[in-house]
Amino acid sequence: MKQRSAALVGVELGAAVATAREIGEQVLAPEAAAVDEERRWPEKGMAALRSRLGGLVMPAECGGMGHGLLAVAQVGEATGRACASTSICFGMHLVGSAVIAAKASRRQEERYLKPIAAGEHLTTLALSEPGTGGEFWLPQTRMERVGEGMLRLTGAKSFVTNAGHADSYVLSTLAAGPGKPPGQFSCTVVDATAPGLEWGPSWQGFGMRGNASRGLELRGAEIADWCLLGEEGDEIWYVFNVVAPYFLMAMAGTYLGVAAAALEEACSHLLRHREARVGRSAAAQPVVQHRLGTMWARVERTRRLIYHAAAEAEIGAPQALLGLASAKAEVAEAAEATVNDALTLVGGIGYGEHSPLHRMLRDARAAHVMSPVTDLLRVWTGRALLDEPLLES
């Protein structure tokens, strides 16, 4: 990627975040309740985000905006404030885009990067599998060479966000065939129109109901070998250099947005309640003020950790992994705690079925279970501090 001045990037990032806020307020927020209640993929919101910010992390030379982790986090916060489901859907597009762009060939630039940058192509990840649980870096989907210039994929993926709606899917695979070394993992990009892709039923979740998560069966799907990303055996490199950083920042930004929205909801309720009541209002009570001040500090310190972690990772700081892992773990706890506190301050109104806090609490809880799970991230941080291998069981 061509280097640009820090001042220019800052201006462009501010404009991108402002665009995300505008889309969030005008498109995502009005649709959020219906997306959740109807368990439907947020087509309108995703179209707006794709057309105006789809190329956020695409290289400038391909027509993209050329941004990185900090932009993913800040845009994620802006969209997460409005609708967590839409924010995760768009975040997975950004992660998939970054993976494709990391070692893109000329042919992949033409086929994927330029259309993504132009807002004409939606991609996403398909890494998790039924048999590997949260260890998404250990795929069992088989990839073998068949015929001249072709690859065959056989296996299953689970919890694919944007399933059935994306134009392409970034997959992880295990090499198969005579002479292949054991444990050689690779990444490929697969077009939605490739034969041999069979989608399972929609996943019915407690929260994050609009992310169109489904399982995918690959029944001997055949793709051209130029769809291989990087070289054979590059999957672990992709996981730790691209997938994990971008994935963690996409989720951290989204759930930071949920926490910020819950804090705002509590403040707005208390201000309205103060104006409506005669005499001493809840807003005047020290215990309420104390709780609100604690909530603000929790959200703000989490925000600073996330943004600092993104900035450190972008310059390759030695302890970048500590910040990235801790950011997602911290925001999971901060979002859940902040929504719970907001419910306490708002009272019975907040427990209503159609209260936005009702949706926020269910969405926030997903932050702990979306891989890498909070406990694993804490372990990774500890292992990094002790100079122990991250993936050693």
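Modeller: Helices here are DSSP runs of H or I with at least four residues, strands are E runs of at least two, and both are numbered from the N terminus. By that naming, helix 9 gives the second largest pocket the largest share of its lining, 4 residues. This is a predicted model, so local features need pLDDT of at least 70 and side-chain atom pairs 80 or more, while totals for chains, interfaces and linings use all residues. Numbering runs from 1 along each chain as its sequence is written, and side-chain values use heavy atoms, without hydrogens or water.

Colleague: What makes a residue part of the lining of the second largest pocket?

Modeller: A pocket is an open set of points for a 1.4 Å probe on a 1 Å grid over the protein atoms alone, with protein on both sides within 12 Å along at least five of seven lines; a lining residue has an atom within 4 Å of a point. Here 30 residues qualify, with S128, F159, V369, M370 and S371 nearest the centre.

Colleague: How do you know where the second largest pocket lies relative to the domains?

Modeller: Domain 2 (126-231) and domain 3 (235-386) both contribute lining residues, so the pocket sits between them. The bounds come from an automatic or database domain assignment.

Colleague: Why is R111 with D191 called a salt bridge?

Modeller: The term asks for a side-chain nitrogen of Lys or Arg within 4 Å of a carboxyl oxygen of Asp or Glu. The closest N and O atoms of R111 and D191 are 3.0 Å apart, so the pair meets that definition. Between domain 1 and domain 2, the count is 2 salt bridges.
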